[in-house]
Number of protein chains: 2
Amino acid sequence: MKDKTFLMIPGPTPVPESVLLDMAKHPIGHRSSEFAKILESVYADLKYVFQTKNDVIVYTASGTGAMDAALSNLVNPGDKVLSLVIGNFGQRWAKIAAALGAEVDIIEVEPGKAIDPKTLKEKLDSDVNKEIKIVTLTQNETSTGVTNDVKTLVSMIREHGALSVVDGVTSLGAMTCKMDEWGIDVLVSGSQKGFMIPPGLSFLAANERAWEVQKQCKRPDFYFNWETNRKSVIANSTAFTPAVNLIVALKTALDMIKEEGLDNIIIRHEKIAKGLREAIRAIGLKLFVENDSIASTSITAVLPPDNITVPDIRKTLKEDYDIVVANGQNQLKDKIFRIGTLGFVSQRDAITAVGSLEAALHKLGHKFELGQGVAALIKYLNK
Amino acid sequence: MKDKTFLMIPGPTPVPESVLLDMAKHPIGHRSSEFAKILESVYADLKYVFQTKNDVIVYTASGTGAMDAALSNLVNPGDKVLSLVIGNFGQRWAKIAAALGAEVDIIEVEPGKAIDPKTLKEKLDSDVNKEIKIVTLTQNETSTGVTNDVKTLVSMIREHGALSVVDGVTSLGAMTCKMDEWGIDVLVSGSQKGFMIPPGLSFLAANERAWEVQKQCKRPDFYFNWETNRKSVIANSTAFTPAVNLIVALKTALDMIKEEGLDNIIIRHEKIAKGLREAIRAIGLKLFVENDSIASTSITAVLPPDNITVPDIRKTLKEDYDIVVANGQNQLKDKIFRIGTLGFVSQRDAITAVGSLEAALHKLGHKFELGQGVAALIKYLNK
């Protein structure tokens, strides 16, 4: 059936109709006063989602572009960077730092776990000469569905004196992330996640401590240069021709985010993800992240039952029920599947997902009491 | 009147309805087989527009992003780069090279002129030790409406031995540019121009000579890295989450380009731009680029008549006739206005533009025989 596909992957995420239709309008000139007004509103509302007073730069780029923008404005060759790695996206920070000539040290935990603050504390304490300049970390690790305790980790990094550079790509607009209150130095995010628009834009905010370090950067990348980009933000403009239609879409989406309210959005995500976890357990499947306290509220990784493969589950969900869930990445490929409940996702969507997952598993021969997943979800949602 | 705005700026350019509507569809997963098929088609058709057998990388970024991608994969600090500058976008190459630590030499001509091949020849001949590694140039200088003789310039650069790095942002899909036949080493372009889609994507192709130099690049940028990006092109994928909806739009636009045929598109652009030039003269205005042989066929820069200002002309065109034309940039601000006839532009649009320009000038008190602009245009189009 055409046009029925429903995405429940970690991104792109579903986009509201009003956003899609506004995006489909004829592009307007990016140097027009009309567009400047849209940018003014977008820049103000991004600060609200980032929970910051710092300017938020909008890059026409993937989320990885904003990650590159973060480090390529801070790192000089030979700088020491510590990367806290709990999955592929944590690893990406380390790769970017290495590409910039940094000396990269890594704290890595097995997939499905979060960074233990104690481990970080020990590492930072052992750095008596304060050689570590930057610590990179991930709030919500998309590859495993694990959330780090960013607040605690960042406070330790601040105490040490290094800069904290945080990937908020699949967390901003979905889970609590208070840039200023928590003292995050650099925070990046992407458009196709909590922001409810298609991919193509990414965002970066830096505080004054980070700006001081940026000034010492010998060769910040031209396209991603913070300074030229921030100058344009302040002028309600962009340094280069932006993805005009995506910014128009972002304006509409941010209006929706403000109307619902960030706190309500975070509660909605929590409720849906926790209800989904109850349902998964009731169906007799294992969650990849058993520990509720570190489980993501936007991505839920699930192990397939014995004798049923991840590709079969994904194929049946797609072909029979038009739902797309993600496979695991790299070493987790075919070991887990990942259900995204990120952005424009409602309780109804959770019911749809669980019901369809029950249907697919039933068809594939998994033995369980039909209806118990949906029942557990509804009980959780209605309690 | 709402929704009546018609863009006649050098970009964003008008977008066909079918492209806008395909772009407005719900995003699909960027790792799906459905999307891989779209990418396969897009990558093949980009080769057609680039007139090359080389792989064409698609970046989610502005045109400037692709320019950055070009040099940040070739330049090591201290390398000698020669930039041929005929306007702001030529200057941008020099700035990017400088940001990468290159030693930049510039041949600059006054705005409105093209690079004289003789000047380049002398410069290259004087480089007896072959120290110049890269020469950057612009095919169509958006800021002035001048086109360089890329074929001749590139052949000289090839003879010298340096790499030619060409900005085809406002030329590809609008004027003749034969990457392989002319021996261009690196060629970049952007989506919101001849490609008839909104801004947000940019393109880069490099030949084997350039790839050899890329291998010697010590620290290619992570996001823009040619190698990781080309690997994905070959796999009908993208290295990072791309602007999915813009790529869907690009597929539709490229289908239209193939259907019309590149040669026909180039003829259409020539006809419209030359007709527009006849009309401008008939109205009694001066063309900024008098020399027809170097005049752009996608952007026409015009001087205002005495006693009428550029802002007044732009304001009247916008407010009374819903047409947006561009002001001059930097030192040419308020000295010229620029009419874009790039991409999805028809003979009818040219008639609209000339008729509206006559109406605006008439209203502002310019003395000329009303109707003579439209008459000259029609005569040219119908001859």
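**Ground rules**

I am working with a predicted model, in which local features need pLDDT of at least 70 and side-chain atom pairs count only at pLDDT 80 or more, while totals for chains, interfaces and linings use all residues. Residues are numbered from 1 along each chain as its sequence is written, and chains are lettered from A and ligands numbered from 1 in the order in which they are written.

**Entry 1: the domains of chain A**

Next I looked up how the two domains of chain A touch. The contact involves 22 residues of domain 1 and 21 residues of domain 2, where two residues are in contact if their C-beta atoms, placed from the backbone, lie within 7 Å. On the domain 1 side, helix 2 (33-50) and strand 7 (146-147) of chain A are the elements giving two or more residues. Helices (H or I, at least four residues) and strands (E, at least two) are DSSP runs, numbered from the N terminus.

I also noted the make-up of that domain 1 side: nine nonpolar residues, twelve polar and one charged. Here Ala, Val, Leu, Ile, Met, Phe, Trp, Tyr, Cys and Pro count as nonpolar, Asp, Glu, Lys and Arg as charged, and the others, Gly among them, as polar.

**Entry 2: a five-strand sheet in chain A**

In what order do the strands of the open sheet of chain A run? I read 1-13-14-12-11, with mixed pairing. Two strands pair if DSSP finds at least two bridges between them. Strand 1 (6-8) and strand 11 (286-287) of chain A are the edge strands, each pairing on one side only.

I then went through some of the pairs:

- Strand 13 (323-327) and strand 14 (337-340) of chain A run antiparallel, joined by two bridges; Asn327(A) stands opposite Phe337(A).
- Strand 12 and strand 14 of chain A are antiparallel over four bridges, and Ile299(A) has Gly340(A) as its bridge partner.
- Strand 11 and strand 12 of chain A are antiparallel over two bridges, with Leu287(A) opposite Val302(A).

Is strand 12 of chain A mostly covered or mostly exposed? I found it mostly covered, with four of its five residues buried. A residue is buried if 20 or more other C-beta atoms lie within 10 Å of its own, exposed if 12 or fewer, and partly exposed in between, with C-beta atoms placed from the backbone.

**Entry 3: strand 5 of chain A**

Strand 5 (132-138) of chain A is mostly covered too, as seven of its seven residues are buried. I looked up its partners. Strand 3 (80-85) of chain A runs parallel to strand 5 over four bridges, and Ser83(A) is bridged to Thr136(A). Strand 8 (163-167) of chain A is also parallel to strand 5, over five bridges; there Val135(A) has Ser164(A) as its partner.

**Entry 4: chain A against chain B**

How many residues of chain A are in contact with chain B? I got 46, and they meet 46 residues of chain B. Helix 1 (17-23), helix 3 (63-71), helix 4 (88-99) and helix 10 (244-260) give two or more residues each to the chain A side. The largest share, four residues, is from helix 3 of chain A. By type, the chain A side has 25 nonpolar, 17 polar and four charged residues.

The same surface serves both, as 100% of the contact residues of chain A recur in chain B.

**Entry 5: Met156(B)**

My last stop was Met156(B), in helix 6 (150-160) of chain B. Why does Met156(B) count as partly exposed? Because Met156(B) has 18 C-beta neighbours inside 10 Å. Leaving aside neighbours within four places in sequence, I found Met156(B) in contact with Pro117(B), Leu120(B), Lys121(B) and Leu124(B).
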